[in-house]
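Here is a short report for a reader meeting this structure for the first time. Please look at the sequence and the model before reading on.

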Amino acid sequence: METLTLLLNGFQVALQPVNLLGAAVGVVIGQLIGVLPGVGPSAAIAILLPVTFGLNPTTAMIMFIGIYYGAMYGGTITSVLLRIPGESASVMTTLDGYAMAQQGRAGVALGIAAFGSFIAGTFGIIALMFLAQPLTTVALAFGPPEFAALLVLSFSLVIYLTGRDKVKGAVSVLLGLWLSVVGVDLISGLPRFTFGQLKLLSGVAFVPVAVGLFGIAEVLLSAAKRSPYGRVEARFSLRGVLPSGADWMASRWAIVRGTLSGFVVGMLPGAGATAASMISYTIEKRAARDPDRFGRGAIEGVAGPESSNNAAAVGAMVPLLTLGLPGSATTAVMLGGLMMFGLRPGPLLFEQHPQFAWGIIASMHVSNLMLVLVNLLAIPVFVSVLRVPKPVLLPSIMALAIIGTFSLENHLFEVWLALGFAALGYLMERYEYPPAPLVLALVLGNTLEEAARQSLLLSRGSPLIFVTRPISAALIALTGVLILTSLLRRRPIVTAPQLAKD
Amino acid sequence: MRRADRLTGLLLLAFAAYTIVAGVRMSYWQGRIPGPGFAPIWIGGGLALAALFLLLRRAPGPAALQLLEPAREEEPRTLVARELLLAAEIALVTIAALLLVPRVGMMAGVVVLLLVLIRLLGGTWRSAVGTALVLPAAFYLLFVRWLQVPVPKGPWGL
């Protein structure tokens, strides 16, 4: 009952005209970004962060969530029509979505994906509503040792689930942690690794790192890739995207299974929507009576993964909002943005800023509804974006990234920093070091250091504090199991070239 | 890729050594409280360990280290070289445009960046000139007029 009252209050925030506009703009931008291969939601949010500084934090966050949602679906359009996933969470949709398009059922594939996404999103938000309160209560019982142990476990999970090479994942996390210690040490006041630069005394700013690693690096990488632009001539009507009764019957369980598995996977740090869609596809193929149909236009092969990636996008919001732990690159960028607005997601967010927290949850319902409406009515508009030639698009993104980064501090230093991180991001992608763990570690590094140092302060220097308290001992034991499993297991649980970029 | 891993391992090892030395100088303990060197020493230790994994795997050693080596396909060298060259060209154009910004202003710098990059990526002169006129105008309205960002101005007051 209390949850429903809080939600109703949240709707009062979400339905304010400015927030409705924020959701609409976010969903449309997200769809556009999802359609454009090479530009992911994390890059889009990072590049748009400076633009949102004029907005209030609630509207900005509502817009970011809209972008995340929209991008999940936008990628579906190119997956179905061109067999090119707009972003990594739509990779699995290329298999059966494109086959359906070749059979003249592109509209139905896009339609079932839209409805599946809506159902999954709605379920995810309801689950988030009811999980938020209990998880917040648990998190409030956490002291510094528990938080330190939880963060160590999160980083281990990110390394374990991200990419196929765990050593490279670990290097990425450690580089992020290193960057997080740059600046004046808050306890002793000593500058660390600032190299005499006054600008570095307050630490490495988050936005230039995110813009460089995700935005500009993607421009450098996409420039040399084969372009799908200008290849779409398909036309759609509203009737053409509505699934028939038989289509619904065939895909109903795929939507249910995709929703449930996606939500659970989305909550795990490092797994994200890409892993969720892959797991859903595997489940559907195993559950099918005639798995041979998969890859040849099976509607369940579209309905399952598409429901799953949207449920995962909502699932990722659970640890972000309740524990302050982002599980993916996009949620890490969102966390960085919130911190710049002076908000710290975590258990206290629901206590100190209930209007904000529940406003966000209510606006997710609004964005979800907008998404399905926009999807059904405006697919041709999004498809036409692919007619923007790559030689125009990539330089435009570069120019926006530069001026956006400049506007952070009104100084070129941040732009040079972003360029430096773009070079690092390019090399990391080129040599298969996942950049997402670096950003996660940069955002959470200070919290980990603070929690570890406070714990040792409490125990007067004894590290036994981490294993003598039951919750932190359990979390440390889980981390140990994870590391041992990593050493003994040849293949990671999930592999994908672009994993955890969502 | 194996060479790249080895080179990265060596660089990381040097970086880890530097981090540990800097951490020791900052001091690990301050009385009974962890000092400013606490985190750098742990991070440096972790980086050194990761660097050793990168350097030692596939070499004779503990089986666990070899299990961490993933299977991988090598790319043709010409393709890699072409991609690297294009990325380097884009980076150089961007650096040149940024160096121009304090002298000619942000908007003129963006115009130059767009013109050169669009042509470099194979765009037509028409699309280059059109974009270089429309986009900076939109940025001017958004960032300078709406968000009041004090961008560097050139001799033309823009």
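D185(A) is buried because its relative accessibility is 2%, below the 20% cut-off. This is a predicted model. D185(A) has a salt-bridge partner, R453(A), with the closest N and O atoms 2.8 Å apart. The two come from distant parts of the chain, 268 residues apart. R453(A) sits in helix α19 (residues 436–458) of chain A. D185(A) lies in the loop between β1 (183–184) and β2 (191–192) of chain A. R453(A) is buried as well, because its relative accessibility is 3%.

**Salt bridges**

Over all chains, the structure holds 14 salt bridges. Four of them are listed here.

| Pair | N to O distance |
|---|---|
| R453(A) and D185(A) | 2.8 Å |
| D290(A) and R293(A) | 3.1 Å |
| D5(B) and R57(B) | 3.4 Å |
| R430(A) and E83(B) | 3.6 Å |

The pair D290(A) and R293(A) has another setting. D290(A) is partly exposed, at 36% relative accessibility. R293(A) is partly exposed too, with a relative accessible area of 32%.

In chain B, D5(B) and R57(B) meet in a salt bridge. D5(B) lies in helix α1 (residues 2–26) of chain B, and R57(B) in the loop between α2 and α3 (63–67), so the pair ties together parts that are 52 residues apart in sequence. Both D5(B) and R57(B) are buried. They also belong to a network of salt bridges that links them with D165(A) and K168(A).

**Where the chains meet**

How many residues does each chain bring to the contact? Chain A brings 57 residues and chain B brings 68 residues. The area buried between the two chains is about 5600 Å². Carbon and sulfur atoms give 78% of that area. On the chain A side, V167(A), I403(A) and R430(A) lose the most area to chain B. Together they account for 11% of what that side buries. R430(A) also forms a salt bridge with E83(B). Between chain A and chain B the count is three salt bridges.

**Chain B**

Chain B has six helices and two strands. Along the sequence they follow the pattern α-β-β-α-α-α-α-α. Of its 158 residues, 41% are buried. Take the contacts in chain B between residues at least 6 apart in sequence: 49% of them join residues at least 24 apart.

A51(B) gives a local view. It lies in helix α2 (residues 38–56) of chain B. A51(B) counts as buried because its relative accessibility is 0%. Beyond residues up to four places away in sequence, A51(B) touches G9(B), L12(B) and L13(B). The C-alpha atoms of A51(B) and F15(B) are separated by 9.6 Å, though the two are 36 residues apart along the chain.

**A buried residue in chain A**

N19(A) lies in helix α2 (residues 17–35) of chain A. N19(A) counts as buried, because its relative accessibility is 2%.

**The cavity**

The count comes to one cavity of 30 Å³ or more. The largest cavity has a volume of about 40 Å³. Which residues line the largest cavity? They are I402(A), T94(B), A97(B), L98(B), V101(B), G109(B), V110(B) and L113(B). Two elements of chain B, α4 (77–104) and α5 (106–120), each give two or more residues to this lining. α4(B) gives the most, with four residues. The lining divides into six nonpolar, two polar and no charged residues.

Conventions: Residues numbered from 1 in each chain as written. Chains lettered and ligands numbered in written order. Predicted model: local features only at pLDDT ≥ 70, side-chain atom pairs only at ≥ 80, totals over all residues. Heavy atoms only, no water. 1 Å grid on protein atoms, 1.4 Å probe; cavity = no way out; pocket = protein on both sides within 12 Å on 5 of 7 lines; lining within 4 Å. Points joined across faces, edges and corners; volume = space filled by probe spheres on them. Nonpolar A, V, L, I, M, F, W, Y, C, P; charged D, E, K, R; others polar. Buried < 20%, exposed > 50% of the residue type's maximum accessible area, 1.4 Å probe, protein only. Contact = heavy atoms within 4.5 Å. Buried area = accessible area lost by both parts, 1.4 Å probe. Salt bridge = Lys/Arg side-chain N within 4 Å of Asp/Glu carboxyl O.
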